[in-house]
Amino acid sequence: FSGEPGWDSPLAVPVTSKLSALSFAGSETNAASPVCFSNTESVAVQTLMFVTYGAATDLATLMDGPETLRLRLVPDGGQQVETSEAERSLTAQFVPQQWQIISADFEAPANLSGMFFGGTAGRPVWDRRWRGEMAEAVGFNGIPDEDLKAGVANYLAIRWGLGSHPATPEQRAAAIAAGLRYGLVWGSVLIVK
């Protein structure tokens, strides 16, 4: 991103006593650049589950890639532009000014190396960045069943202290079988299964 004016690295901000999130809330003149995983050419994802906090008031890009995941929060009287199913689903789940777990399913698996988290990449004027924090993203190369999604949401809620995502023992077992380990504490990370 060295050619983009005014970009800097996202800051790490504490969320819990042991975990930090990436903050994209930079100033208007020094916007934090998106995060990408350029060494993951062979990794494809179709579903993403995020732990995030945002202050979006109109349009913000949580993830840019083959399918852009923007929040379309239109004030009264505004016009809603055409959106994808993933964007409609994301917007319906999002609550501003609150830590939460949200998920998005894409129409088809997409290469992780072509995705940018926290904003839009490759544009000289980046006015659609994510205004908030991203603590963790868990990706799947297909669309997981509801038991696995519930187990992953439970795992993320416990890990980040969010509460309100109960799971049955079977749903927790599904998350563990997918590679998530309850009880481990890491920093900000993207996990792809």
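This report describes helix packing, a strand hairpin and salt bridges in a predicted model.

## Basis

Residues are numbered from 1 along each chain as its sequence is written, and side-chain values use heavy atoms, without hydrogens and water. In this predicted model, local features need pLDDT of at least 70 and side-chain atom pairs count only at pLDDT 80 or more, while totals for chains, interfaces and linings use all residues.

## Helices H2 and H3

Helices (DSSP runs of H or I, at least four residues) and strands (E, at least two) are numbered from the N terminus. The axes (lines fitted to C-alpha atoms, for helices over the stretch in contact) of H2 (residues 146-160) and H3 (residues 169-177) come within 7 Å and cross at roughly 85°. H2 is therefore roughly perpendicular to H3, a term that covers angles of 65 to 115 degrees.

## Strands S1 and S2

Strands S1 (residues 11-14) and S2 (residues 20-23) run antiparallel and are joined by four bridges, where pairing requires at least two DSSP bridges. They form a hairpin with five residues between them, and Pro14 has Ser20 of S2 as its bridge partner.

## Salt bridges

There are three salt bridges, each defined by a side-chain nitrogen of Lys or Arg within 4 Å of a carboxyl oxygen of Asp or Glu. Lys149 pairs with Asp105, with the closest N and O atoms 3.1 Å apart; the pair links helix H2 to strand S7 (residues 100-111) across 44 residues.

Lys149 is buried at 12% relative accessible area, whereas Asp105 is partly exposed at 28% (buried is under 20%, exposed over 50%, partly exposed in between, with a 1.4 Å probe and protein chains only). Glu136 and Arg159 meet at 2.5 Å, N to O, and both are buried.

Conventions
Axes fitted to C-alpha atoms, helices over the stretch in contact; angles between N-to-C directions. Parallel < 35°, antiparallel > 145°, perpendicular 65-115°, else oblique.
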